[in-house]
Amino acid sequence: MDSPAGETAAMSTDATFIAYLRDQLQAVDAISHRKMFGEYALYHGAKVVALVCDNQLFVKPTDAGRALLGADAPMAPPYPGARPHFLVADGLDDREALAQLIRATSAALPEPKPKKPRTARPATR
């Protein structure tokens with residue numbers, strides 16, 4: 001579908017692709033997803049390990065992920081302006097390798113910073 005400016009509009013990720021990924025990752029404990037900005041973030045515990053955009057899996061880049069995927073692993077930004085992530089396309093059907101990649105990526109990422117409690121704003125008149 002073309003936009004008025006002649007650009008091809010990006011499709012958003014559909015629920016069947018998320019269900020497929022969740023099925024492929026059923027061996028990994030604590031996998032969840034959250035819809036964000038029309039696309040999805042894939043969590044392992046409290047850590048965002050991947051983004052799912054336009055029915056594609058973009059895994060956060062880590063040395064551990066590079067060791068598993070190889071030095072020539074394809075990388076691409078999940079959305080315009082984003083840093084490149086590992087674009088996992090060929091390995092989606094290999095449940096064991098995909099689970100290993102998600103676990104290794106999670107182990108290599110730092111724990112998320114605790115969120116600060118929100119303070120009440122003073123009432124305005």
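Modeller: Let's begin with charge. Lys and Arg count as positive and Asp and Glu as negative, with His and the chain ends not counted; each charge is placed at NZ of Lys, CZ of Arg, CG of Asp or CD of Glu. In this protein, the mean positions of the 15 positive and 14 negative charges are 18 Å apart. This is a predicted model, where local features need pLDDT of at least 70, side-chain atom pairs count only at pLDDT 80 or more, and totals for chains, interfaces and linings use all residues. Residues are numbered from 1 along each chain as its sequence is written, and side-chain values use heavy atoms, leaving out hydrogens and water.

Colleague: Which residues form a positive surface patch?

Modeller: For a charged patch, like charges within 9 Å are joined, provided the residues have over 30% relative accessible area and no salt bridge (a side-chain nitrogen of Lys or Arg within 4 Å of a carboxyl oxygen of Asp or Glu). Here the patch consists of Arg-34, Lys-115, Arg-118 and Arg-121.

Colleague: Why does Arg-118 count as exposed?

Modeller: Exposed means over 50% relative accessible area and buried under 20%, with partly exposed in between (1.4 Å probe, protein chains only). Arg-118 counts as exposed because its relative accessibility is 84%. Arg-118 lies in the segment after α3 (95-108). Of the protein's 125 residues, 34% count as buried.

Colleague: How many helices and strands does the protein have?

Modeller: Helices (H or I, at least four residues) and strands (E, at least two) are DSSP runs, numbered from the N terminus. The protein has three helices and six strands, in the order α-β-β-β-β-α-β-β-α from the N terminus.

How values were computed: Patches are made of residues with over 30% relative accessible area and no salt bridge: like charges are joined within 9 Å, nonpolar side chains (Val, Leu, Ile, Met, Phe, Trp, Tyr) within 5 Å. Accessible areas come from the Shrake-Rupley method with a 1.4 Å probe; for residues, only the protein chains shown count as cover.
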